[in-house]
Amino acid sequence: MNKFEVEKRVQKLRSEIARLRDAYHTKDSPVATDDVYDSLNRELKSLVEKYPEFDDSNAPENRIGGKPLDKFEKVKHEIKMFSIGNVFSEEEFFAWEKRNLKLLNLRSDLSKSLRSGLVGGIDYFCELKLDGLAVSLIYENGKFVRGVTRGDGEIGEDITSNLKMIESIPLVLKSPYPEKIEVRGEAFMRKNVLKKLNERNKKEDKPLFANSRNAAAGSLRQLDPKLAKKRHLDFSPYEITQIKGDNWQKQIEKHSQKHKLLSKLSFIVDEHSKKFSSSKDIPNFINEISKIRENLPFGIDGVVINIDDTKIFESLGVTGKDPRGIIAFKYPAEKTTTIVKDIKINVGRTGVLTPLAIFEPTAVAGSTVSKATLHNMDQIGRLDLRIGDTVVIEKAGDVIPKVVEVLTRMRTGKEKKFKMVEKCPVCGGKVEKKGISNKSSVAYYCTNPKCFAKDERSLEHFVSAFEIYELGTKILRRFKDEGLITDAADIFTLMKEDIAPLKRFGEKSAENIIKEIELKKKIPLSKFLCALGILHVGEETARDLAVNFGTLDKLAKAGIEKINEIENIGPAVSESVYDYFRNKNNLLFIKKLLKNDVVIEKVGKIKENKFTGLIFVLTGTLSQMSRELAKEKIISLGGKVSSSVSKNTSYVVAGEESGSKLKNAQKLGIKIINEKEFLDML
DNA sequence: GCACCTCGAGTTCA
DNA sequence: CTCGAGGTGC
């Protein structure tokens with residue numbers, strides 16, 4: 001071949017390789033096998049080696065990685081890689097803006113011109129938040145020298161050889177370039193590439209990737225760059241964190257300028273980004289993007305909003321892990337997938353051991369979720385859940401995360417089955433699959449009556465029944481650790497002088513706590529009984545007991561049959577109540593409470609009233625009164641409040657944002673009233 | 001003994 | 001909110 005022919009051949013090879021690659025990136029069906037693609041690349045490479053004048057350092061054939069690595073080197077980031085805070089709604093977004101403006105107005109170190117610029121609002125730069133893996137790239141003298149994963153933000157892993165396989169990462173920058181520059185962006189996998197990869201993995205019975213982020217992360221963690229190359233990843237830059245030279249500095253005073261510069265240096269910058277001179281228009285932009293989201297060739301999980309001016313951005317500083325001047329608007333997903341990292345065991349007040357799934361944190365329906373209860377071992381069995389599994393989660397009633405199903409196709413074989421612990425994780429006590437009265441139950445229990453966790457949960461239950469709001473979990477634990485209290489009764493002898501000297505407490509907070517406790521010493525019998533934590537006695541049963549016996553003394557002395565006679569109380573409950581009052585420790589505890597000035601209010605006979613016989617169900621948020629107060633009102637008028645809708649329900653009171661109960665009521669044809677109608681009934 | 005309704009207990013995040 | 005299990009009525 002003469003030189004001319006070589007040049008033609010090189011061009012031809014390049015265009016064919018590009019065509020195949022393009023087809024791979026955009027078409028659904030595989031157009032060529034990897035072998036064809038590879039052999040073309042090999043030929044091109046050998047030609048270019050012989051004729052270096054046709055070399056193009058950024059061309060794909062030059063992207064040959066080194067040898068497979070044993071492991072990735074840990075590298076400290078020159079500049080810390082922060083994470084970005086999240087907002088899920090317009091309100092939260094504007095709250096973010098408001099907080100920033102407030103902070104900026106307080107900053108005296110900002111120049112006048114900057115501050116006057118604030119009056120008309122700040123410029124914002126919005127860009128798509130690609131679903132991938134954040135990486136940092138360092139270029140020295142125009143050459144790509146190092147690429148590092150985010151890691152924990154401080155230290156990441158050196159994945160340079162794998163990143164060289166990504167064709168949208170230039171190995172050499174287009175001149176003129178700065179002496180040194182650090183570029184950050186997202187390594188991601190296009191939807192079509194992911195689809196094909198998963199199809200192939202399915203055929204080969206290999207685990208599938210749940211999303212682009214996992215696929216990108218998995219691919220970049222391949223120790224053999226050749227394997228990483230086959231994954232056809234992409235890169236989209238969004239930030240320049242350092243650049244050497246004053247002249248270059250001047251070119252990145254705005255975030256939008258950084259994008260322009262990146263493009264000039266031959267990066268492929270996403271074109272959906274947009275600058276806004278007013279935050280008002282941003283929600284609209286977010287909306288528009290959400291409409292085209294499905295049709296984008298890559299996955300996004302939101303829009304990132306930057307304060308365009310670098311100086312303002314920097315002056316706002318950082319909260320915890322997130323810079324204040326940047327925020328991610330995340331599209332709320334109804335359902336998402338995540339990985340179960342671990343299954344932990346919680347110990348309840350009764351000693352029940354409840355398995356809890358710990359997730360890779362993920363955004364679902366407006367918040368970031370990191371754990372969910374699995375209820376019990378049967379539930380784990382039904383789901384066939386193992387540690388390491390990829391699971392679908394959703395929010396029950398928009399609030400409580402729930403594991404819906406396990407994606408068994410995603411398994412790698414490394415998943416571990418979960419076994420119930422043999423010893424209580426808190427006290428080491430014996431674990432048995434028995435509930436009360438030795439009947440076998442679904443739940444497992446810690447059988448140690450003195451288990452520390454039981455104590456703590458009981459204490460929390462007690463103060464919550466007494467409605468002592470000032471005392472939360474943390475404070476109770478503190479008091480216990482400091483030796484101020486050993487049981488719930490000790491709360492009532494606490495003095496201001498006990499609390500005030502403690503670290504992170506003061507005169508004022510101590511006073512508030514004491515005042516609150518003093519106030520709650522007087523308590524209705526029903527709530528008192530509830531606070532005791534008698535097995536099977538909750539709010540409702542406590543009320544039944546209180547109404548039927550009138551005083552604590554009568555109940556304590558009552559025989560088991562007498563208790564059993566009460567409506568809605570059967571053998572299990574009556575036995576539990578009867579046994580409670582035969583236990584010496586329990587009686588001593590009650591004695592101590594009374595000695596410490598707890599006063600039990602007499603139960604006033606509930607008058608026959610206009611709500612007698614009516615059962616209410618409250619749902620959603622009421623604006624005029626709390627649900628707790630509404631409940632009290634209904635009860636005081638002789639009505640009942642139930643937590644679930646059934647055909648016996650008389651009225652469903654629907655507040656704002658009511659959930660499934662409302663649907664249920666419609667299905668059953670129960671009368672639904674709004675808050676105003678309810679208030680009119682009172 | 002079964003179906004259905006309720007209650008108890010444990011639960012998430014900001 | 002969800003699941004288990006107690007209570008009631010058939």
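Which element gives the most residues to the surface near DNA strand B? Keep that in mind as you start. The model is predicted.

**Stop 1: the surface near DNA strand B**

Select DNA strand B and show what lies around it. Now colour by element. Those that give two or more residues to this surface are β15 (352–364), β16 (367–373), β19 (400–406) and α19 (539–549). The opening question is answered by β16, which gives the most, with 7 residues. Next, colour by class. The surface near DNA strand B holds 16 polar, 10 nonpolar and 6 charged residues.

**Stop 2: the four-stranded sheet**

Select β5, β4, β7 and β8. They form an open sheet of 4 strands, in the order β5-β4-β7-β8, and the pairing is antiparallel. The edge strands are β5 (143–149) and β8 (234–243), each of which pairs on one side only. Neighbouring strands here are turned by 30 degrees against each other on average, direction ignored.

Now focus on β4, residues 133–140. Is this strand mostly covered or uncovered? It is mostly covered, with 7 of its 8 residues buried.

Follow β4 to each partner in turn:

- Toward β5, there are 6 bridges, and the two strands run antiparallel.
- Tyrosine 139 has phenylalanine 144 of β5 as its bridge partner.
- Glutamate 140 stands opposite lysine 143 in β5.
- Toward β7, there are 8 bridges, again in the antiparallel sense.
- Alanine 134 stands opposite glutamate 186 in β7.

Stay at the hairpin of β4 and β5. There are 2 residues between the strands. Select asparagine 141 in this hairpin: its phi is positive, near 50 degrees.

**Stop 3: a cis peptide bond**

Move to the loop between α5 (160–163) and β7 (180–188), and select proline 176 there. Which form does the peptide bond from serine 175 to proline 176 take, cis or trans? The bond is cis, with omega near 0 degrees. For context, most peptide bonds are trans.

**Stop 4: helix α6**

Select residues 191–203. This is helix α6, with 13 residues. From its first C-alpha to its last it reaches 18 Å, close to the 18 Å expected at 1.5 Å a residue.

Show the side chains. Lys191, Val193, Leu194 and Leu197 are buried.

Step just past the end of the helix. Aspartate 205 takes a positive phi of about 60 degrees.

**Stop 5: the five-stranded sheet**

Select β2, β13, β10, β3 and β9. They make an open sheet of 5 strands, in the order β2-β13-β10-β3-β9, with mixed pairing. At its edges are β2 (85–87) and β9 (274–276), each pairing on one side only. The twist averages 30 degrees from one strand to the next.

Zoom in on β3, residues 124–130. This strand is joined to β9 by 3 bridges, and the two run antiparallel. Pick tyrosine 124: its bridge partner in β9 is phenylalanine 276.

**Stop 6**

A reminder before the last picks: most residues other than glycine have a negative phi.

Select aspartate 384, in the loop between α13 (377–383) and β17 (386–387). Its phi is positive, about 60 degrees, although it is not a glycine. Why does aspartate 384 count as exposed? The reason is its count of 11 C-beta neighbours inside 10 Å, because a residue with 12 or fewer is classed as exposed.

Finish at asparagine 568, in the loop between α21 (560–564) and α22 (571–580). Phi is positive in asparagine 568 too, near 75 degrees. Is asparagine 568 buried or exposed? Asparagine 568 is exposed, with 8 other C-beta atoms within 10 Å.

How values were computed
Residues numbered from 1 in each chain as written. Chains lettered and ligands numbered in written order. Predicted model: local features only at pLDDT ≥ 70, side-chain atom pairs only at ≥ 80, totals over all residues. Nonpolar A, V, L, I, M, F, W, Y, C, P; charged D, E, K, R; others polar. Expected span 1.5 Å × (residues − 1). Buried ≥ 20, exposed ≤ 12 C-beta atoms within 10 Å, placed from the backbone. Pairing = 2+ DSSP bridges. Axes fitted to C-alpha atoms, helices over the stretch in contact; angles between N-to-C directions.
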